[in-house]
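Open the structure in your viewer and keep the selection tool at hand. The tour goes one stop at a time.

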Amino acid sequence: MKKLKERWNVTSNWQLTVIFIVFSLTGSSAAKFAGPLTKLVGINQDMGWFIYWPIRILIIFPIYQVLLVFMGWLFGEFEFFWNFEKKMLRRTGLGFLIKE
């Protein structure tokens with residue numbers, strides 16, 4: 001835990017706990033929202049896993065990015081998650097979407 005706190009520049013165990021809670025809630029929420037959205041665009045499991053799952057993952061990705069910052073804001077960790085989001089987008093090659 002000490003290395004993670006240093007890497008993320010986190011000062012307390014409570015802050016680290018809040019960050020873990022936000023990550024878990026965001027992941028679960030994004031996965032939950034993806035189901036209705038895939039149905040809305042007409043994608044279902046009858047199409048085969050090789051079509052359904054890649055599309056579902058592509059749908060989950062932007063939902064997750066937005067929810068991560070929003071949930072971070074709700075839990076008082078906006079700055080941490082905004083910096084985390086910018087780093088993640090740069091690493092995925094989508095850094096051009098961020099204005100500094």
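Is Phe20 buried, partly exposed or exposed? Select Phe20: this residue is partly exposed, with a relative accessible area of 35%. Keep in mind throughout that the model is predicted.

Trp8 and Phe20 form an edge-to-face aromatic pair, with 6.3 Å from centre to centre and 65° between the planes. Trp8 belongs to helix α1 and Phe20 to helix α2, so the pair ties together parts that are 12 residues apart in sequence.

Now select Phe23 and Phe81. Their ring centres are 5.2 Å apart and their planes are at 70°, so this pair is edge-to-face. Here helix α2 holds Phe23 and helix α4 holds Phe81, so the parts tied together are 58 residues apart in sequence. Phe23 is buried, at a relative accessible area of 17%, and Phe81 is buried as well, at 0%.

Trp8, Phe20, Phe23, Phe80, Phe81 and Phe84 form one aromatic cluster.

Move on to the largest pocket, which holds about 370 Å³ of space. Of its 13 lining residues, select those closest to the centre: Trp8, Phe80, Asn83, Phe84 and Lys87. By type, the lining has five nonpolar, three polar and five charged residues.

The last stop is Asn9, in the loop between α1 and α2. Asn9 is exposed, with a relative accessible area of 65%. Its phi is near 60°, a positive value in a residue other than glycine.

Definitions and conventions. Residues numbered from 1 in each chain as written. Predicted model: local features only at pLDDT ≥ 70, side-chain atom pairs only at ≥ 80, totals over all residues. Heavy atoms only, no water. 1 Å grid on protein atoms, 1.4 Å probe; cavity = no way out; pocket = protein on both sides within 12 Å on 5 of 7 lines; lining within 4 Å. Points joined across faces, edges and corners; volume = space filled by probe spheres on them. Nonpolar A, V, L, I, M, F, W, Y, C, P; charged D, E, K, R; others polar. Helix = DSSP H or I, 4+ residues; strand = E, 2+ residues; numbered from the N terminus. Buried < 20%, exposed > 50% of the residue type's maximum accessible area, 1.4 Å probe, protein only. Phe/Tyr/Trp six-rings, centres within 6.5 Å; stacked < 30°, edge-to-face > 60°.
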